[in-house]
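Colleague: Could you take me through this model, one question at a time?

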Amino acid sequence: MLRGTDIDALLVPAGYGTDPVVRAVCESALEGDLGPGLTLLADTRDDHHVRVQVAEALGRASVERPGDVAELAEDGADQADVLLWVGHALLSGAQRRPAGSSQADRKGMEAALHEVRIPLGNAAELRPDDPAPWVALQTVAMGLGADRDEKDRLWREITDRAPALFPAHMTRVRALSPTRGGTTEEMFAAAGASADVAPEGDPLPAVLALAHAEHLRGEEKRLVAEGKSPDIAHLGLGRLHGEPVQELFGLARAWAEHAVAHVYDIQAHHLFGWAFHRAGMHEPARWHLGAVGRYACDLPWSFFGAPRTEIAGAMAELGVDPTAHDTDEGGDDRGA
């Protein structure tokens, strides 16, 4: 049986997506060849989910060269596509800044996020029907600690264009968490609403697991602030149990029975896999984590430690071999 350290070495971050074509284009961008990325972005205009995922992946791959991306517009490239890409490259850079508590760190982060808003806002103006810039702006607003009116405004802009956009619903749930100025009730109401609007076979109901993770993380932070050690706080909250877990199980089963291939399937499997592992439901946890292959998603594992370590530990405990269904999942492991 594989140990956690063995599994950790096999995992591949999903930050560049799980589609071999997208990952190959991101590899090209890492090496400075931006042309394939522009072509790929142009091909996503009719699929909102793929467009958001590709823009995020390309942003990570070009985090060191937003200026080079911006120069593509001078060669006749589509302005809206270029600005969306620039915005994501700047957003990736802002998210990599030190998350320190000093005033200088906070001001640096805020300045970086304000800079991100400019190309994204312009991209939204140039292509009014595209929700992708608004999804990124929603993330920026969360990072800046925007007030509720601004969060709601951005949410309306997104849902008017794409009411069931998976990454936007994830950010909505997080933005309404108590640690970001919302309430537990608002957060779970948003997650429940996400499950309600999900098309049949869509992974969107998995955001309810994200709400549970946010809740447990918030409670652990509260206990630590009250003087408990992190380990004691974690153990004190114990497992998910009772009616909430049965609700998650019902949603996961309905999804599995009617699943339609989706670009965010791996993320959904991680969310459900984390929840069932936390609940001590080994069979569904094993099934969901077995479905992710070697791809590691940060959420929700990063709430409770180093994500790859957390994932590897869960897989080792459950006897999951991430290479069991290996095809072409090696790739570069720099995608976060």
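**Pocket, cavity and helix contacts**

Colleague: Which helices each supply at least two residues of the lining of the largest pocket?

Modeller: This is a predicted model with residues numbered from 1 along each chain as its sequence is written, in which local features need pLDDT of at least 70 and side-chain atom pairs pLDDT 80 or more, while totals for chains, interfaces and linings use all residues. Side-chain values use heavy atoms, with hydrogens and water left out. A pocket, on a 1 Å grid over the protein atoms alone, is an open set of points with protein on both sides within 12 Å along at least five of seven lines, and lining residues have an atom within 4 Å of a point. With helices taken as DSSP runs of H or I, at least four residues, numbered from the N terminus, those that each supply at least two lining residues are α4 (48–61), α6 (79–95), α7 (103–126), α8 (132–144), α10 (166–175), α12 (207–225) and α15 (265–278).

Colleague: Of the residues that line the largest pocket, which are the closest to its centre?

Modeller: The pocket holds about 1800 Å³ of space, a volume being the space filled by probe spheres set on grid points joined across faces, edges and corners. Its 48 lining residues divide into 21 nonpolar, 14 polar and 13 charged, where Ala, Val, Leu, Ile, Met, Phe, Trp, Tyr, Cys and Pro count as nonpolar, Asp, Glu, Lys and Arg as charged, and the others, Gly among them, as polar. The closest to the centre are Arg60, Gln95, Thr139, Arg174 and Leu299.

Colleague: Which helix gives the largest share of the lining of the largest cavity?

Modeller: A cavity is a set of points where a 1.4 Å probe fits but cannot get out, and the largest has a volume of about 40 Å³. The largest share, three residues, comes from α8.

Colleague: Is α7 roughly parallel or antiparallel to α8?

Modeller: Their axes, lines fitted to C-alpha atoms over the stretch in contact, lie 9 Å apart at an angle of about 160°, on a scale from 0 to 180 degrees between N-to-C directions. Because angles over 145 degrees count as roughly antiparallel and those under 35 as roughly parallel, α7 is, relative to α8, roughly antiparallel.

How values were computed: Parallel < 35°, antiparallel > 145°, perpendicular 65-115°, else oblique.
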